[in-house]
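Please examine the sequence and the model shown below before reading on.

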Amino acid sequence: RENGVNHLASSFPEEEAFHWLHPWHGGIMTMIHVPGERYPGIAASETFEASEVSQTDGYGITWYGVRQRSALAHEEARGLILELDTLTVGGSPIVKHVLRLVNETTSVRKIEAGWIAFVQPDGDMSNTALHAEGYQRNRSPRSPSIDGKHWAAAQNPDTGRAIALVSPTLSVAIDDWGTGGGHLKQRLHHTVLPEDKIEMTGYFAIAENRDEMQGYAALRHVV
């Protein structure tokens, strides 16, 4: 939220239907896919606890925020701990989102996990233009998902401002929902070795214009 404007589409605290998706709360929605479960998966049915957290990156910058943690209870995911860190630096237009899977078992675990951000730059998703590396998609009734590699963005064509999503991993995509707007997605098929963990990081940034939006692609080098 910025100056009273929410750049994320959300129904919070109520749940609603959004196109074919129900229940839907919007915002940055965690996706945990296991066999036999419908998109977006099991995260909404799991129980989380929250705590304050800080993290110092490779450049010595300390990020502060909140960690959500869940010992996954679904039969197909039991033995995995899911942690979601949402972090920022004071006065920054950037939010760092970290997904962490901890394998407490002695078996290799494979699971698809990530998130979709339901974005509405400057509070409007009626005419969002979507950008990926070497690609631009204007508003369309069709609904494809297109890989953006390290970087993607959703831009309000009337104001020029945008929300960018950047990751050090090749995991970012644009997600066109037709009349439901253009959104940003990040997910991977993860392999977690016994008694080990994996992390996936994404940076969300508010950009004032197209040049700044593209400049945020440099965040792929921040780990």
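Which residues does S145 touch, not counting residues up to four places away in sequence?

S145 touches A173, I174, D175 and K185, when residues up to four places away in sequence are not counted. The model examined here is a predicted one. S145 belongs to strand 11, which covers residues 145-149. Its relative accessibility is 39%, so S145 counts as partly exposed; the partly exposed class lies between the limits of 20% for buried and 50% for exposed.

Separation along the chain and separation in space may both be stated for a pair of residues. S145 and T86 are 59 residues apart in sequence, and their C-alpha atoms are 25 Å apart in space.

## Overall Dimensions

The protein contains one helix and 16 strands. Its C-alpha trace spans about 50 × 45 × 35 Å along the principal axes. For 223 residues, a compact globule would have a radius of gyration near 17 Å, and the protein agrees with this, having 17 Å.

Buried residues account for 48% of the 223 residues. Among contacts with a separation of 6 or more, 59% are between residues 24 or more positions apart. The accessible surface comes to about 11000 Å², and carbon and sulfur atoms contribute 49% of that area.

In what order do the nine strands of the open sheet lie? The order is 4-5-6-7-16-13-12-9-10, and the pairing is antiparallel. Strand 4 (49-56) and strand 10 (135-137) are the edge strands, each pairing on one side only. From one strand to the next, the twist averages 20°.

Within this order, strand 7 (residues 94-103) and strand 16 (residues 197-207) run antiparallel and are joined by nine bridges. One of the positions in this pairing is H97, whose bridge partner in strand 16 is G202. Strand 16 also pairs with strand 13 in the antiparallel sense, over five bridges. In that pairing, A164 stands opposite A205 of strand 16.

Strand 13 comprises residues 162-166, and five of its five residues are buried. In a regular strand, side chains alternate between the two faces of the sheet. In strand 13, A162, A164 and V166 lie on one side, while I163 and L165 lie on the other. These residues are all buried, and both faces of the strand are therefore covered.

Strand 13 also pairs with strand 12 (residues 151-155), in the antiparallel sense and over five bridges. Here A154 has I163 of strand 13 as its bridge partner. The two strands form a hairpin with six residues between them. In the turn, G160 has a positive phi of about 85°.

## Strand 3 and Its Partner

Strand 3 (residues 28-33) has five of its six residues buried, so this strand is largely enclosed by the rest of the structure. Strand 3 pairs with strand 8 (residues 109-117) in the antiparallel sense, over six bridges.

## Aromatic Pairs

How many aromatic pairs does the structure hold? There are seven aromatic pairs. One of them is formed by F18 and W24, which are stacked, with 4.6 Å from centre to centre and 15° between the planes. F18 and W24 are both buried.

W24 also pairs with F118: the ring centres are 5.5 Å apart and the planes stand at 90°, so this pair is edge-to-face. W24 lies in strand 2 (residues 21-24) and F118 in the loop between strand 8 and strand 9 (129-132), so the pair ties together parts that are 94 residues apart in sequence. W24 has a relative accessible area of 4% and is buried, and F118, at 0% relative accessibility, counts as buried too. Buried means under 20% relative accessible area, which is why these two values place the residues in that class. Ring pairs link F18, W20, W24, F118 and W177 into a cluster.

How values were computed
Residues numbered from 1 in each chain as written. Predicted model: local features only at pLDDT ≥ 70, side-chain atom pairs only at ≥ 80, totals over all residues. Heavy atoms only, no water. Buried < 20%, exposed > 50% of the residue type's maximum accessible area, 1.4 Å probe, protein only. Helix = DSSP H or I, 4+ residues; strand = E, 2+ residues; numbered from the N terminus. Pairing = 2+ DSSP bridges. Phe/Tyr/Trp six-rings, centres within 6.5 Å; stacked < 30°, edge-to-face > 60°. Axes fitted to C-alpha atoms, helices over the stretch in contact; angles between N-to-C directions. Rg over C-alpha atoms; globule rule 2.2 N^0.38 Å. Contact = heavy atoms within 4.5 Å. Areas by Shrake-Rupley, 256 points an atom, 1.4 Å probe, with all protein chains shown as cover.
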